[in-house]
Amino acid sequence: MVKLSAARYGKDNIRVYKVHRNNEAGTQDVVEMTVGVLLLGDIETSYTQADNSVVVATDTMKNTVYLLAKQHPVSPPELFGSIVASHFVETYKHIHSAQVKVIVHKWTRMTVDGKLHPHSFLRDGADTRNVEAVATEGKGVDVRSAIAGLLVLKSTGSAFHGFIRDEYATLPEVSDRILSTEVDCGWSWDTFTNLKNVQAAVPKFDDAWNIAKTITLETFAKDESASVQNTMYKMCEQILSAVPMVKAVDYSLPNKHYFEIDLSWYNGLKNTGEDAEVYAPQSDPNGLIQCTVSR
């Protein structure tokens, strides 16, 4: 005897671009997003009995995202994700939970002739602002905000020593090293009882994102890091202190390694230790350090 123990489905990689035209000021604002939708509910028979009567077509999900983007604000993404997720739970009674992921791609207004240009933009980094909103029948809306793909590096001010040394360990201990990582930082909000409460919190979402990014960058730069683990914990503590409505903060930081190159084979040229200037950036394997800090 077998049974369907879990099932969900949806539409992924829905590309959305929205422009807001401020005719009085003569300016335009743009937002570009990638949206994903997953639905859970009484959909078992579509798997076990080929019963499509319970299926909201994934093409319908795509159409719905476009329509809601026209009818509602898409910024901040926490609000738009909550609007989309709540729509599916409220519209289809057999759908009990909807998970919506929003990735906001950067478009930064250009400066031309010393002035911000009214309608021209550039992508000045691969980092994105991400949101996951989950609307659940009878519970409310859970929101996780995030910074992803933020590549940072500092050329000194990081050490790593005192770790376990045994017959398997070959890594030398260092008191100074290059530290580089690609930041994935997320913070989970207290559960919102309904969409109205999400709307009331709108001013806090942008503030929290700016606070989290500032704390991440300033702590990364200023901390005399004993380890990635300790530095990321300090970041989590500060974000929780600064944003009372956040219940947990998580980081995932891969180590981007830069190895010294021994050039002594060339006339005894020194390029290690204090003399190191030329390094070989490494792609893999890499360390991966993760943590979640909660109240």
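Of the 295 residues of this protein, 40% count as buried. Buried here means under 20% relative accessible area, exposed means over 50%, and partly exposed lies in between, with a 1.4 Å probe and protein chains only. Keep in mind that this is a predicted model: local features need pLDDT of at least 70, side-chain atom pairs count only at pLDDT 80 or more, and totals for chains, interfaces and linings use all residues. Residues are numbered from 1 along each chain as its sequence is written, and side-chain values use heavy atoms, with hydrogens and water left out.

Now the overall layout. The C-alpha trace spans about 75 × 70 × 40 Å along its principal axes. There are six helices and twelve strands. Those are DSSP runs numbered from the N terminus: H or I with at least four residues for helices, E with at least two for strands.

On to helix H5, residues 202–222. H5 has 21 residues and reaches 31 Å from first C-alpha to last, close to the 30 Å expected at 1.5 Å a residue. That expected span is 1.5 Å times one less than the number of residues. Which residues of H5 are buried? They are Phe205, Ala208, Trp209, Ala212, Lys213, Ile215, Thr216, Thr219 and Phe220. Seen down the axis of H5, they fall within an arc of 160 degrees, so they line one face of the helix. The arc is taken from the directions from the helix axis to the C-beta atoms. As background, an α-helix has 3.6 residues a turn, so residues three or four places apart point the same way. On the other side of H5, Pro203, Ala221 and Lys222 are exposed.

What does H5 pack against? Take helix H6, residues 228–242. The axes of H5 and H6 come within 9 Å and cross at roughly 145 degrees. Axes are lines fitted to C-alpha atoms, for helices over the stretch in contact, and angles run from 0 to 180 degrees between N-to-C directions. From H5, the contact includes Ile211 and Ala212; from H6, Thr231 and Lys234 are among the residues. Contact means heavy atoms within 4.5 Å.

At 3% relative accessibility, methionine 235 counts as buried. Leaving aside neighbours within four places in sequence, methionine 235 is in contact with Ile215, Thr216, Thr219, Phe220 and Tyr251. Methionine 235 and cysteine 185 are 50 residues apart in sequence and 9.5 Å apart in space, C-alpha to C-alpha.
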